[in-house]
Structures are given as structure tokens and as C-alpha cells.
Amino acid sequence: MFGMFAIGGLCLVAGLVLAGMSVSFLTDAERARGTVVALDWQEDHDGGSRTAHADDAPAAYPVVEFTSADGTPRRFRDSASSNPPAYEVGEQVEVLYRPDAPGDARIKGFLSLWLLPLIFGGIGLVFTGIGTGFALAARRRRPI
């Protein structure tokens, strides 16, 4: 029971920290128009195992070019991948980047900004809910 609360609490904190980082990024970010110039297909293995599975399929990371406010052309690979690809080569996208660190750029989209905070927050809520359920069940079984 305590383990469920601990895991849930850690995941909730991680989700909040990641959400805070996204909000901070959005607050400081400059906007630019970018173009998807390539799709970087990578084998993604879930769960940290290096063993290939039959259902492992490559995922596409969009590679984007944009020009920062100082006129410098930039290129980055977005941190979010998908299969099927969320973007097509040649597609125009809105890019967010920090003016003091233009290499820290992301496509303005749900996956790039909010996927990790929602995953960790969701896992945290599930584990905390399970821990609460076990605690309530144990409390009802105790004689008064």
C-alpha cells in the first residue's frame, strides 16, 4: 500500500515538474515558421529492453529547418515520434525556441509539449488511486 502511494507520488511530482518545464518553455519561447525537411525513422523499444519484438515498428521523428530571429538557419529533430508519422516532408509547422538557446527548439504541438507530463501525471493518479483503494479496504476490515 505504501509503495503504491510512493510510486504515485513520485510520478505525480515528475508530471508536475515536466508540466512546469513546458509552461516555462512556452513563456520564454520565440515563434518561427519551419518546414519538415526529413523524417528520421528510428527503432523504438518500449520498456528499456534491447530485445526486438514482433510488434516493434520504427517511429518517425520529424526533422525541421527554421530561421531564428537573428537570421541564422537552424535544424533540429523533434523529441516526439509517431507511427504513422504526424508530419509529412514539406509540411509547414510552427516552431518554438528559446532566444538564448535556439538549439532548444520544438514543434508547437501536443506531443512535443504535453505528452510526458500527461503520461507521468496519469500514472501517478492511477497508482495513488490504487493505494487509496487498498487503504480504504484495509480500514473497513479492521475491527473497531
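Helix H1 (2-28) and helix H2 (110-141) each contribute at least two residues to the lining of the largest pocket, where helices (H or I, at least four residues) and strands (E, at least two) are DSSP runs numbered from the N terminus. This is a predicted model, in which local features need pLDDT of at least 70 and side-chain atom pairs count only at pLDDT 80 or more, while totals for chains, interfaces and linings use all residues. Residues are numbered from 1 along each chain as its sequence is written, and side-chain values use heavy atoms, with hydrogens and water left out.

The pocket is an open set of points on a 1 Å grid over the protein atoms alone, where a 1.4 Å probe fits, with protein on both sides within 12 Å along at least five of seven lines; its lining residues have an atom within 4 Å of a point. The largest pocket holds about 360 Å³ of space, a volume being the space filled by probe spheres set on the points, which are joined across faces, edges and corners. Its lining comprises 17 residues, of which Ser-79, Leu-111, Ser-112, Leu-115 and Leu-116 lie nearest the centre, and H2 provides the largest share, seven residues.

Along the sequence, the protein follows the pattern α-β-β-β-β-β-α, with two helices and five strands.

Leaving aside its neighbours within four places in sequence, Ala-32 is in contact (heavy atoms within 4.5 Å) with Phe-66, Thr-67, Val-93, Glu-94, Val-95 and Tyr-97.

A further local feature is the cis peptide bond that joins Asn-83 and Pro-84, with omega about 10°; Pro-84 lies in the loop between strand E3 (73-77) and E4. Over the protein as a whole, 28% of the 144 residues count as buried.

Methods. Buried < 20%, exposed > 50% of the residue type's maximum accessible area, 1.4 Å probe, protein only.
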